[in-house]
Amino acid sequence: MGYDFQSIEKKWQDYWRKHQTYKAVIDHNKPKYYVLDMFPYPSGSGLHVGHPLGYIASDIYSRFKRHKGYNVLHPMGYDAYGLPAEQYAIQTGTHPEITTEKNILRYREQLDKIGFSFDWSREVRTSDPQYYKWTQWTFIQLFNSWYNNKTKKAEKIDLLINHFKEKGNAGIDAACAEIDEFTSDDWNGYSETKQQEMLMNYRLAYLSNTMVNWCPELGTVLANDEVKEGLSERGGHPVEKKMMKQWSLRITAYSQRLLDGLDNVDWPDSLKEMQRNWIGRSEGASVFFNLEHKFDPKEIDPFDEEQWGIEVFTTRPDTLFGATFMVLAPEHELVDQITTPEQKEVVEKYKLWAKNRSERERMTEVKNVTGEFTGAFAINPLTNEKIPIWIADYVLSGYGTGAIMAVPGHDSRDFAFASHFKLPIIQVVVKDGDNPTDTSTWDDSYDSKEGIIINSGFINGLTVTEAMKDTIAKIEEMKIGKGTINYRLRDAIFSRQRYWGEPFPIYYKDGMPYALNQNELPLELPKVDSYLPTSDGNPPLANAKGWITSDGYPLETNTMPGFAGSSGYYLRYMDPKNENQYFSKEANEYWRDVDLYIGGDEHAAGHLIYSRFWNKFLYDIGLVCEDEPYKKLINQGKIQGRSSFVYRITGTNKFVSYNLRKEHQTQALHVDIELVNNDVLDVDGFKSWRSEFENAEFILEDGKYICGHEVEKMSKSKHNVQNPDSLIEKYGADTLRLYEMFLGPLEQDKPWDTNGIEGVFRFLKKLWKLYFDENNNLIVTEKKATGEELKSLHKTIKKVTSDVERFSFNTGVSAFMICINELNDQKCNSREVLEPLAILLSPYAPHVSEEIWSALGHKESISTATYPIHNEEFLTENTFNYPVSFNGKMRFKISLPVNMEKADIEKEALKAEEAQKWLEGKSVRKIIVVPLRIINIVVG
RNA sequence: GCUCGAGUGGUGGAAUUGGUAGACACGUUGGACUUAAAAUCCAAUGGCCAUCGCGGCCGUGCGGGUUCAAGUCCCGCCUCGAGUACCA
């Protein structure tokens, strides 16, 4: 008998399912609270102990909020599209849907066993046509919208078309591709195809030729955030740059709003900082440099001023006088036009070399200075000096204008380039108080913004900041440039050459894309015979038979990327079964936004930016009522694996215990952590683990084989994966929940170590014994609780409540332990204390709390109970045990009445017996008394 | 390189506003119960010194500083982790 967690947990999980205890229904009499977990990709290996960490925290918080009278929305679903299921399909032919379904069932089973209070009636799956219908629908809205920089919001493309019909594109300030002016007559004279082509420059979802991250191994394009250090995030395959026609989302239109919105959300600073860096705003100026000559008059449009000059972006307009050469990205469109015949060959060679270089090579070989002279010259607009134009791949085509004015004196990259190619270096900024020096003696440039301008005509003597302002004013007056802001953020490439993803609701007519009508949605993913690209290199959907509209137009064969379905899932949870709308206005106006979002920080530059963009767009078109989707966000730390090692003596089948390993030449081998308990190896288990160890011999210490250990990433190959199932089997879900919280602060990374779990399990057994005897008869009485008992309870209520409110779950668990230890010592069995305690504990350990609650005679679930409020009266003391310090060092304690006057406290402290030896032969200089804190006596 | 975060016993960690450093738990050691084991319970447990049942010194990565008082604040370093990577 005793604490039978297995039957208790099963009983209550069944009860919750049957009674739909956690079903959330709109109730205008209650305040809403929306708690969301980042939904999982259901992988084939199931959950390991790291996954539920955040879910447990959010579940505790959800349950706490319910007790506090909130109407809590706490849903769960699956990010069901993803590469692993598709890779598996390619290998085995199993449809990804089948694999995914199987994995979801396993996930669900595991999640259920942990006792989460999810409202499963709201479950969504991104791969469900009823869900992706709205992903497709949103895409169409994006396709049919443009971003008006004047109103700072997305607007309907029809408004734009009307404007074009009446006034051409004059007076339009849109986030769009570079575009020439056209009149209403031009527009009305355009063919439909030409009009569509023009509109594509404005649409928020648009098709264009872009430089993409192509991953040959995965056979698809990847977004910037899916590439880490030149390799694909999934699988670590090489990535190369390639020009391809792709769908993109014009997220850059929202750069400033995405940046500004960060000021209004309660997120970790580090995460906000990551997003700010990713958006990468920089202020500066764009400046036109005229070319000295036009080299091939035939190729230049005499009416296009831009072709006569090169536009650069700089954050240091103050150093314009120091610009001694220009550098273009090798892909820059003017390179061919300006290159002189003499330089043609070397420039072509360099362009080819740069093009074939992998991203990884380019990134790792940053220190190598490469480049070629084009033979052309530009004119520095302020000095009127002739300066050479070079190409080099340290200038990126994707940032700014793909061209720079090089200021070698004050930019370290330009300095390295100038030094290498012997180009002139001029000093135009001098550190305040220093004298200018000969730049030929410099080891590096002076990049700091601290200083005074020299050698710079009208800005001489100004500070850097003043000079920036004046230079911008000057170039604006000269009509050769203006102050501008640049963002590092790129438009999000939205096409994937993959099967397992949302089909685009797009068909092609005369080569131009058109959106399907809403009533044609969802456009369901077709069956294919092969999940590989077609022989002519088209995406897998090109294998589908009859992949055409009812009118016979071909459908788009790319699919959407992983972040498509996850960008708006929190909205669908508000009204997941709605067949006519993404979600109803009523549901959105009630649930509004996510109050608490818990998940990993690996989504900082991906999901969390896309999702905010998605939401802001829906906000612009009047669909959602909040501008930011996630009010408060917490990053749960990762749980690392704790690997165990055995030490094989090299060349033998003999294993030596950890502390004796130095005496031999050994090789450390990972051993399955299931075979290790407190670093002691289960020797017999080890022998039967693998046939090769069947006859293994051991050198023991103290009769035991001690394993070594190391903290590493949790992975199958390291045999350190801990899945929750076996722990739940052994200790129960309540123990697992408490233990994961007890491990340490939620936000911190920490190694998984089962060693401490026994302590939490013991705690629950001790708790049980407060309520039940050995035969599980209730021993709770109606007897009035003592002052001590009430003090223990109310101290705990106070502590646990404030801990939950500040998401300090580990200290909350400690507080429970302290409370149980005290009540045990007090032999407390009073209902007055034990009943509120059960409510207090129920967010953490819901199963055992429900069992206790019902044993106490309640018919309703404990989740309906009102959370206890601490009463300060029980906590007030008559005396305080003052620590008495001498010169800041605590020497002894003295118990004094809490209301004693400072002067009397001083007297008492000095009078105390223990004080005498510290006072001996010394004079008291000062006494500091902080009431109810400390007494410090300064002697000397 | 730049940005952000973190360094506290054998281990995970606590100390919420500058005020008793090491709560709580694991582990370890000793003891009780038991034929034995498990479970349970009790005690000790930062290091060093000690006439080890009085008592003292040192101690929160390192070096300075502010303060009656610093794990906490300031300055300068070191180490580790994360993000980013020629972003002009």
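**Exercise 1.** In this predicted model, determine the handedness of the crossing of α5 and α19, and then find which residues of the two helices meet.

*Solution.* The crossing of α5 and α19 is left-handed. As a next step, take the geometry: helix α5 covers residues 129–143 and helix α19 covers residues 607–620, and the two pack at an angle of about 65 degrees with their axes 11 Å apart. Angles of 65 to 115 degrees count as roughly perpendicular, and α5 and α19 are therefore roughly perpendicular to each other. Turning to the side of α5, the residues that take part are T135, W137, T138, Q141 and L142, and these meet F613, W614, F617 and L618 in α19. Sorted by class, this contact of α5 with α19 comprises six nonpolar and three polar residues, with no charged residues.

**Exercise 2.** State how helices α25 and α26 are oriented to each other, and work out how the residues of their contact divide by class.

*Solution.* Begin with the angle: helix α25 (residues 809–825) and helix α26 (residues 831–841) pack at about 160 degrees, and their axes lie 12 Å apart. Angles over 145 degrees count as roughly antiparallel, and α25 and α26 are therefore roughly antiparallel to each other. The crossing of this pair, α25 and α26, is left-handed. The contact itself is made by F816, C819, I820 and L823 on the α25 side, and by V833, L834, L837, L840 and L841 on the α26 side. Divided by class, the residues of the contact of α25 with α26 are nine nonpolar, no polar and no charged.

Methods
Residues are numbered from 1 along each chain as its sequence is written. Chains are lettered from A and ligands numbered from 1 in the order in which they are written. This is a predicted model: local features need pLDDT of at least 70, side-chain atom pairs count only at pLDDT 80 or more; totals for chains, interfaces and linings use all residues. Side-chain values use heavy atoms; hydrogens and water are left out. Axes are lines fitted to C-alpha atoms, for helices over the stretch in contact, and angles run from 0 to 180 degrees between N-to-C directions. Helices (H or I, at least four residues) and strands (E, at least two) are DSSP runs, numbered from the N terminus. Angles under 35 degrees count as roughly parallel, over 145 as roughly antiparallel, 65 to 115 as roughly perpendicular and the rest as oblique. A crossing is left-handed if the near helix is turned anticlockwise from the far one by less than a right angle, and right-handed if clockwise. Contact means heavy atoms within 4.5 Å. Ala, Val, Leu, Ile, Met, Phe, Trp, Tyr, Cys and Pro count as nonpolar, Asp, Glu, Lys and Arg as charged, and the others, Gly among them, as polar.
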